[in-house]
Amino acid sequence: MQNHMDYKTDVLIIGTGVAGLYCALNLREDFQILMITKESMRDSNTYLAQGGISTALNKEDIPCFIKDTLKAGGYKNNISSVQILCTESRENINTLLDWGLPLDKKQGGLAYTREGAHSINRIVHCSDSTGKTLEECLIKKVQSHKNITIFENTEFVDILVEDNCCIGGIAIKEGKPFIIIAKVVVLACGGIGGLFKNTTNQSTVTGDGIAIAIKNNIKLKDLSYIQFHPTALYEENINSRRFLISESLRGEGAKLYNSKGQRFVKELLPRNVVAKAIYKEIRTSGIPYVMLDFSFQPEDYIKQRFPLIYEECKKRGLDITKEAIPVSPAQHYFMGGIEVDLFSRTSMNNLYAVGETACTGVHGNNRLASNSLLEGIVFSKKAASDINTQVDLIKASCLKDFPDIIHDLKEIQKNMKNLVIKELLRRSKEFHAEFFNH
Ligand SMILES: Cc1cc2nc3c(=O)[nH]c(=O)nc-3n(C[C@H](O)[C@H](O)[C@H](O)COP(=O)(O)OP(=O)(O)OC[C@H]3O[C@@H](n4cnc5c(N)ncnc54)[C@H](O)[C@@H]3O)c2cc1C
């Protein structure tokens, strides 16, 4: 006998980052949509994004944007998804502008900045808090939709499957498990950073989508493609998330120096190249950081363009308008994930994956800066457009008396993490057990 509430919905979305929210907003308004998220709606990597969102400036820029994305990705990218990403970037940025996203402006048009491995300035931004501003804009819009319900502090632990069709899932709220029957499930539960000791990521993001995929034999792809950001702020004895110093600082001229005060790498090379060069310096000098200097820029400009970074460094006793700051690489982004097609469909029927949980192959083995929010936007809209035409055809499953599957919740949550860590260690020789929070 079950002692919990059960729910029934058309579409169930796991995660309230950019991918989950944008997907919900692109679904038909006659659908019932349930979104669930582990902690508060704002506990996502999206909320932390600083630098911005890349976009083709116009039609003429699309080939160059494609070229930059492929080059940064070591030509391991899926070319069809790169074409979609770059070609559909502009129209989605226009949608966000229509929805009220206050992107920074310059001389009447949008202000564009540059980050590593982009040939030109093509990144739109909301000062250095792009993710927070984007997330607030999308949350406000989602909350105005009567057909969308959000459960916070609710953890999704598994999907329910019948004949290779996903028919819903199991979640836990306030220690109590419950079942949600859905015609379609969308996994938008982010990357894997919360599994690492040294990461820029939110702690809620622990590869749960990947664990669910492993448990249910859903196809995964490129699990060894993990990105380390070159410039997280170095702090001694820190055991929480590392504060990121956005690449757009280097895009606007910040320089890296080694322990001898020498430049040692071109700052705007792809992230993996810059991160490797910093690791080399750290190994040779025995000093666990290099220095990043932006203090040659005018103080007013720094405070106005990078208010978040200025304030966060100030809190830690560092003044970026006056001095160089210590930085070192940290785990930042997961290029691999649940394998999806061009409409974000996984290898299981009625199950979609979007955002960092998914592997569209768009990033190859190294993501081009600011292509992640864009991927979440473009491919969650693709998922929504497919779901919009499919859902009426899917027969709703009935609420059944599922056996009480959940006994020891702590054990289940721990097992999810261990499942992913084990798989990552199996697939990549570069990682070692001590990198992870077991
Ligand atoms: C510090 C930082 C700066 C960044 N800057 C940029 C940038 O400037 N530009 C750019 O393009 N990208 C940037 N990125 C990357 C980008 O922010 C993320 O890749 C992107 O936001 C991922 O979006 P998402 O919707 O897939 O996942 P997320 O935004 O991470 O959201 C995942 C959601 O799923 C929830 N969740 C997870 N597991 C469960 C579960 N079991 N049950 C219920 N809910 C669950 C989480 O709580 C969260 O709400 C940055 C990342 C970081 C960490």
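What follows is a working chat about a predicted model with a ligand.

Biologist: Before we start, what is this model and what are the ground rules?
Modeller: The model is predicted, so local features need pLDDT of at least 70 and side-chain atom pairs count only at pLDDT 80 or more, while totals for chains, interfaces and linings use all residues. Residues are numbered from 1 along each chain as its sequence is written, and side-chain values use heavy atoms, with hydrogens and water left out.

Biologist: OK, ligand first. How many residues surround it, and which are the closest?
Modeller: There are 39 residues around the ligand, counting a residue as near if one of its heavy atoms lies within 4 Å. The closest are Thr46, Gly52, Asp208, Glu356 and Ser372.

Biologist: And what is that shell like by class?
Modeller: The shell has 13 nonpolar, 20 polar and six charged residues. Here Ala, Val, Leu, Ile, Met, Phe, Trp, Tyr, Cys and Pro count as nonpolar, Asp, Glu, Lys and Arg as charged, and the others, Gly among them, as polar.

Biologist: Which backbone atoms lie by the ligand's nitrogen atoms?
Modeller: A backbone N or O atom of Phe156 is 2.9 Å from a ligand nitrogen, and one of Gln50 is 3.4 Å from a ligand nitrogen. On the oxygen side, a polar backbone atom of Gly51 lies 2.8 Å from an oxygen atom of the ligand.

Biologist: How much of the ligand does the protein bury?
Modeller: The protein buries 98% of the 1,000 Å² that the ligand exposes when taken alone; areas come from the Shrake-Rupley method with a 1.4 Å probe, and for residues only the protein chains shown count as cover.

Biologist: Which elements give two or more residues to that shell?
Modeller: Those are helix H1 (18–26), helix H2 (45–48), strand E8 (154–162), strand E15 (325–334) and helix H12 (371–390). Helices (H or I, at least four residues) and strands (E, at least two) are DSSP runs, numbered from the N terminus.

Biologist: Let's look at Glu155 in strand E8. Buried or exposed?
Modeller: Glu155 is buried because its relative accessible area is 15%; buried means under 20%, exposed over 50%, partly exposed in between (1.4 Å probe, protein chains only).

Biologist: What does Glu155 touch?
Modeller: Not counting residues up to four places away in sequence, Glu155 touches Lys38, Ile170, Ala171, Ile172, Asp208 and Gln413, where contact means heavy atoms within 4.5 Å.

Biologist: Switching to Thr204, where is that?
Modeller: Thr204 sits in the loop between strand E10 (176–187) and helix H7 (208–215). Thr204 counts as buried because its relative accessibility is 10%. A polar atom of the Thr204 side chain is 3.2 Å from the backbone oxygen of Asp43.

Biologist: And Arg28? What does its side chain pair with?
Modeller: The Arg28 side chain has a polar contact with the side chain of Asp392, at 3.1 Å. A polar contact is a pair of N or O atoms within 3.5 Å; within protein, one must be able to donate a hydrogen and the other to accept it, and residues adjacent in sequence count only if both atoms are side-chain atoms. Arg28 itself is in the loop between H1 and strand E2 (33–36), and is partly exposed because its relative accessible area is 24%.

Biologist: Last one: which domains does the chain have?
Modeller: The assignment, automatic or from a database, gives domain 1 (6–225 + 335–433) and domain 2 (229–330). Their centres, taken over C-alpha atoms, are 28 Å apart, and 20 residues of domain 1 are in contact with 24 residues of domain 2.
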